[in-house]
Amino acid sequence: MKRFGLKYLYLLPAMLVLMLVTIYPLVHVVALSLHRKLLIFDISRFVGFANFEFMLGDSRFWTALGNTAYFTLVSVALELAIGLGIALLLNRSFKGRGLMRSVVLLPWAIPTVVSAKMWEWIYNADYGVLNYLLNIDINWLGSPAWALNAAVLMDVWKTTPFVAILLLAALQDIPDDLYRAARVDGAGTLKILQRITLPMILPMIWVVVIFRTLDAFRVFDAVYVLTGGGPAGSSETLSIYAYNLLFQTLQFGYGSAVALSVFICVGLITLVLIRAMRRSEW
Amino acid sequence: MVKRGAMYLLLLVVALFCTWPILWQFITSLKPEAELISLPPVLPNKPTISHYQSVLLESSFIAALKNSFLVAIFTTLISLAFGGLAAFALAKLNLIGSSLFLAAILSISMFPPIATISPLYVLVNSFGLRDTVLALVGLYSTFSLPLSVWILTSFFKSVPDELLQAARVDGCSTFQIFYKIMLPVCMPGLIATTILVFIFSWNEFLLALTFSVTEASRTVPVAIALFPGLHEVPWGEISAASIVVTAPIGLLVFMFQRKIVAGLTAGSVKG
């Protein structure tokens, strides 16, 4: 009996901090979202679901939700496509594989803030190298039509490597015998890709899609530093909107409601994706 | 032969795709002020290290570097200690409901940090820890804990039970088994976790932006995002600062590429 309890002591430190820093705040944020709470005026009043009702009629919320959905969908789709291409390439045998893997990991490993600053300079309308290389004149970050796409492009650069590395790991687990057998049976490259490679890495593809979708949906720093959500809110994501409500206008009640909506969306997306994953077969 | 040539060409394209923004930042950091606002030339005519000098002489940037190192080191220590203990129990002590616990931890790692930032703000303030390195260490240790637990559990599980039973027969207590056998045997896993947690805390922005108000706790990502510019944006210095911050991470990537990949895949495969 004594030994039985002792085993659980190993979990205790982790459980305690997780309770304090994730579980308790999650309960508290629900409470905050049901209050009208303005930090500057020291106002705090229970208002039920009023914040959520207001949210449903708040056009800035819907714009942010649309921007977030667009950002998530386009960047994850591009990252998966390009990442798969890179993974297939890196899976071949060539000299300097280790070096190449390090090179591919670089964008993933550098701080997001740094990559946002790098791209802000690349996109610069007057002296940016992108306009110079393409010999065009686009105000990437200053025009509502381009700002969000510019953020997507940066995210694709930064995160495709992560996708590629995970898919590569799955590719390397496919036994060579399978390929050999297929070739003996006369299967061509495309057929092998379709019948062996993709079905074998399908579980990893799902892991990557779920990871990346949830990560992209809560995007904050990449867009916040690159565009600040502008111009005119054209690249404002839900996380940025919630952050601005909380820490610029200090509306802790409504801001918490919007922040909670990110959590609810992420939860719903997870459920949908896991259902889809369970039903999927190649 | 042609096929191999095409493959190496594609590899070169991928390598350039991954590195060119960093290379451009490096080139920018070497350009004198006058050449920053003209293109061409692409490469600096008169390369200069003056941006590096002004960044490294800037006391606030040095303070931020120091804070970042402190936060990253202590976060890594705590996250590994707590995560290691939990992972050991989950992997080897036959706990009831250990897979449930792992699933719960995984879903916690999927929490969008923005969702709990307002209560955390209240919490940190009530402890009087706003604008302290300690607050960031506490938060980062917890936010990186799921990662540590998850990766270490998968490494610990791969240790054969016979090894532990043999140690038990030799008279080792459970805790001795943990630190005399598990930890040394799983050194690669510990290194992988260390690097991933270090990178996470070195790069984190949202919490740092929220909780660090002054130089007392400001970390490098926040310092770079809020880079002081009196008149126009000081691109030369921002690039120099970016290169300085990227260097330690780049070094880690080139030294431990294999470990990082092992950590990333251990963290995701069981999902």
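In chain B, the centres of domain 1 and domain 2, taken over C-alpha atoms, are separated by 32 Å. The structure is a predicted model, in which local features need pLDDT of at least 70 and side-chain atom pairs count only at pLDDT 80 or more, while totals for chains, interfaces and linings use all residues. Residues are numbered from 1 along each chain as its sequence is written, and chains are lettered from A and ligands numbered from 1 in the order in which they are written.

Domain 1 of chain B covers 1-48 and domain 2 covers 52-269; such bounds come from an automatic or database domain assignment. Eight residues of domain 1 are in contact with eight residues of domain 2, where contact requires that the C-beta atoms of two residues, placed from the backbone, lie within 7 Å. On the side of domain 1 that touches domain 2, α1 (2-29) and α2 (33-36) of chain B each supply at least two residues. The greatest contribution to this side is that of α1(B), with five residues. Helices (H or I, at least four residues) and strands (E, at least two) are DSSP runs, numbered from the N terminus. By class, this side of domain 1 holds three nonpolar, three polar and two charged residues. Ala, Val, Leu, Ile, Met, Phe, Trp, Tyr, Cys and Pro count as nonpolar, Asp, Glu, Lys and Arg as charged, and the others, Gly among them, as polar.

The contact between the chains involves 68 residues from chain A and 66 residues from chain B. Helix α2 (residues 12-33) of chain A gives the most to its side, with eleven residues. That side of chain A comprises 53 nonpolar, nine polar and six charged residues. The axes of α2(A) and helix α6 (residues 117-126) of chain B come within 8 Å and cross at roughly 105°. Axes are lines fitted to C-alpha atoms, for helices over the stretch in contact, and angles run from 0 to 180 degrees between N-to-C directions. The two helices are therefore roughly perpendicular to each other, a term for angles of 65 to 115 degrees (under 35 is roughly parallel, over 145 roughly antiparallel, and the rest oblique). In this crossing, A:P25, A:H28, A:V29 and A:L32 meet B:S118, B:P119, B:L120 and B:L123.

The largest nonpolar core has 157 residues, and A:A151, A:L167, A:L226, A:A242, B:A86 and B:L136 have the most contacts inside it. A nonpolar core is a set of buried Ala, Val, Leu, Ile, Met, Phe, Trp, Tyr and Cys residues joined through C-beta atoms within 7 Å. A residue is buried if 20 or more other C-beta atoms lie within 10 Å of its own, exposed if 12 or fewer, and partly exposed in between, with C-beta atoms placed from the backbone. Helix α8 (residues 144-172) of chain A gives the most to this core, with 17 residues. Because domain 1 and domain 2 of chain B both give residues to the core, it lies between them.

Chain A contains 13 helices and two strands, and 44% of its 282 residues count as buried. The peptide bond from A:G230 to A:P231 is cis, with omega near -5°.
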